[in-house]
Amino acid sequence: MLKIKNLNYSVEENSMKKDILKDINLTFEDNKLYVITGHNGSGKSTLLKIIMGIVQKSSGQIVLDGEDISNLSITERGRKGICYAFQQPVTFKGLKVKDLLDIAAGQNHNLSQMCDILSKVGLCAKDYINRFLDDKLSGGELKRIELAQALARGGKLNMFDEPEAGIDLWSFENLTSLFDNLKGGITIVVSHQKRILEIADEIILLSDGQVVMQGSGKKMLSLLDDKSCGRLRGN
Amino acid sequence: MDKIDRELLEKVAQLHKVPAGAFNIRKNGQAQMRQSTKEIEIVPKSSKSGIDIIIKKGVKNKSVHIPVIITLGGFKDLVYNDFYIGDDCDITIIAGCGIHNKTCQDSQHDGIHTFHVGKNSKVRYVEKHYGQGDGSGEKILNPITRVYMKENSQMDFESLQIGGVSSTIRKTYAKLKENCVLNIKENILTTETQYAKTYFKVKLMGKNSKCEVVSHSVAKDDSVQEFVSDVIGESECFAHVECDGILLDRARIVSTPKIDAINKNASLVHEAAIGKIAGEQLIKLMSLGLDQDQAEQVIIKGFLEN
Ligand SMILES: Nc1ncnc2c1ncn2[C@@H]1O[C@H](COP(=O)(O)OP(=O)(O)OP(=O)(O)O)[C@@H](O)[C@H]1O
Ligand SMILES: [Mg+2]
């Protein structure tokens, strides 16, 4: 179980204090899929980055299975089974897809294990494991490989930041079933997509750095009708 | 041949045993072992130190190994190697130099290599440089490579400096005729107070000639690297020079590009990026459980090996 208690995050901008996350209190239970949605700039990515340790909170607590992890380094949190699939995947020079998957899993995979993982994100292992993870890969390919790293890692708290971005419509079915199958630990997905909202156990709506609504997937979906969903996408 | 010799040969030419095919192993200025084949002839020069490597027309899928090792301190070696590669060949040439110097006097190897690449031929040339031995004497390598390419030929040149070289100035000159392709890949690691300078001058003389230079370098501690490239497009041609450097500690890398499109249809591009390891790369790897040191090592290793 993950608990976020009284979490605040603010930055200085032009010598003015700017509040980005305001008094966030959330509880995430094991075996559930949570979807966080909200306008562009509402603070969704920032929240996930604070959980991963990439961004330092201003105040508050992050408690994972009873332990306050809010002062641990990124590495320590990674080793505790927290995993964050970036909104904008990072590229390298000289590292291959295979290298990242091996690092994620902490072991060397054989071809059939690679196949298992990559086929879940709709990629054929033999075409990809020896490709460099650089900007020659398309946006959608990078996104899928980012997802594959989380699968390879097999952590207990998996966070995905707009995993659907750049993924073609035809692959959506697989994408949603992928999150369905991740049950076991906690899964948190940031998304604007109705089809992902539809499979959520719980939906959290952020607005301007605050949790403005949360509840079961069904209940929340009926509140966030198609029209407001469109508005939530920021367009 | 002793343990150190074998270690150096393994490092610079991946040689574990006497290679198949043609080879020449030079140690401390003397030919140690030499073998020609029906297709590849290695002949010592009579007027100066060095060898001629003559590869007959049409020789395919063959390799030549010509490693040099130096195990003496205070030794300066100057050698001229000329390669005559016939038309329609497809061959691999493994050169390279390893210096073991545990004395306080400098050891130096200057290899002057000239390639005459025949029409339609394809050559892969690998030159690996390495130094070891903890004496205060420097390990110095100053190679000069000249490449003359005839029509439709291709040369893939991999120039690697894997560590331990105190000082190096590497100069490469190439002239390309019609439809020639020259790919140069350079990976350099410097540490401590080492100095490495690379200078490329490539003349794209023939129509449709193409040159691609990719330089990946890592400078650690107080080391200094310089990268100078000078590409001249005399015809409708294409060149892309990419100089990427990672800086650690107090190191410096200076990149100087020069591109000169004499012909207005020449398309010449130079890209350079020098700086520390991107923060987001470290963050990504740390989120996958590596600590900062491990993450840096993974990034540097990948960068230098590919
Ligand atoms: N270091 C910072 N300095 C200033 N502003 C920041 C900083 N980090 C985040 N912000 C601001 O905080 C807000 C929330 O950003 P965040 O990336 O979390 O939004 P988001 O909900 O993920 O948006 P999107 O849907 O576009 O991905 C934005 O207005 C952003 O500009
Ligand atoms: Mg975001």
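## The shell around ligand 1

In this predicted model, helix H1 of chain A provides three residues of the shell around ligand 1, which is the largest share. In total, 15 residues surround ligand 1, and the closest are A:Gly41, A:Lys44, A:Ser45, A:Thr46 and A:Gln87. Sorted by class, the shell holds nine polar, four charged and two nonpolar residues.

## Polar atoms facing the ligand

Oxygen atoms of ligand 1 are approached by both backbone and side-chain atoms of chain A: a backbone N or O atom of A:Gly41 lies 2.8 Å from one such oxygen, and a polar side-chain atom of A:Ser45 lies 2.8 Å from an oxygen atom of the ligand. For A:Glu162, the distance from a polar side-chain atom to an oxygen atom of ligand 1 is 3.3 Å. Ligand 1 taken alone exposes 640 Å², of which the protein buries 65%.

## Two domains in chain B

The domain assignment divides chain B into domain 1 (3–281) and domain 2 (282–306), and the centres of these two domains, taken over C-alpha atoms, are separated by 28 Å. Across the boundary, 17 residues of domain 1 of chain B are in contact with 11 residues of domain 2 of chain B.

Between them, the two domains of chain B bury about 1,100 Å², with 70% of that area on carbon and sulfur atoms. On the domain 1 side, B:His216, B:Ile277 and B:Gln281 lose the most area to domain 2 of chain B, together accounting for 40% of what that side buries.

Conventions: Residues are numbered from 1 along each chain as its sequence is written. Chains are lettered from A and ligands numbered from 1 in the order in which they are written. This is a predicted model: local features need pLDDT of at least 70, side-chain atom pairs count only at pLDDT 80 or more; totals for chains, interfaces and linings use all residues. Side-chain values use heavy atoms; hydrogens and water are left out. A residue is near a molecule or strand if one of its heavy atoms lies within 4 Å of it. A polar contact is a pair of N or O atoms within 3.5 Å; within protein, one must be able to donate a hydrogen and the other to accept it, and residues adjacent in sequence count only if both atoms are side-chain atoms. Accessible areas come from the Shrake-Rupley method with a 1.4 Å probe; for residues, only the protein chains shown count as cover. Helices (H or I, at least four residues) and strands (E, at least two) are DSSP runs, numbered from the N terminus. Ala, Val, Leu, Ile, Met, Phe, Trp, Tyr, Cys and Pro count as nonpolar, Asp, Glu, Lys and Arg as charged, and the others, Gly among them, as polar. Domain bounds come from an automatic or database domain assignment. Contact means heavy atoms within 4.5 Å. Buried area is the accessible area (1.4 Å probe) that two parts lose on being put together, summed over both.
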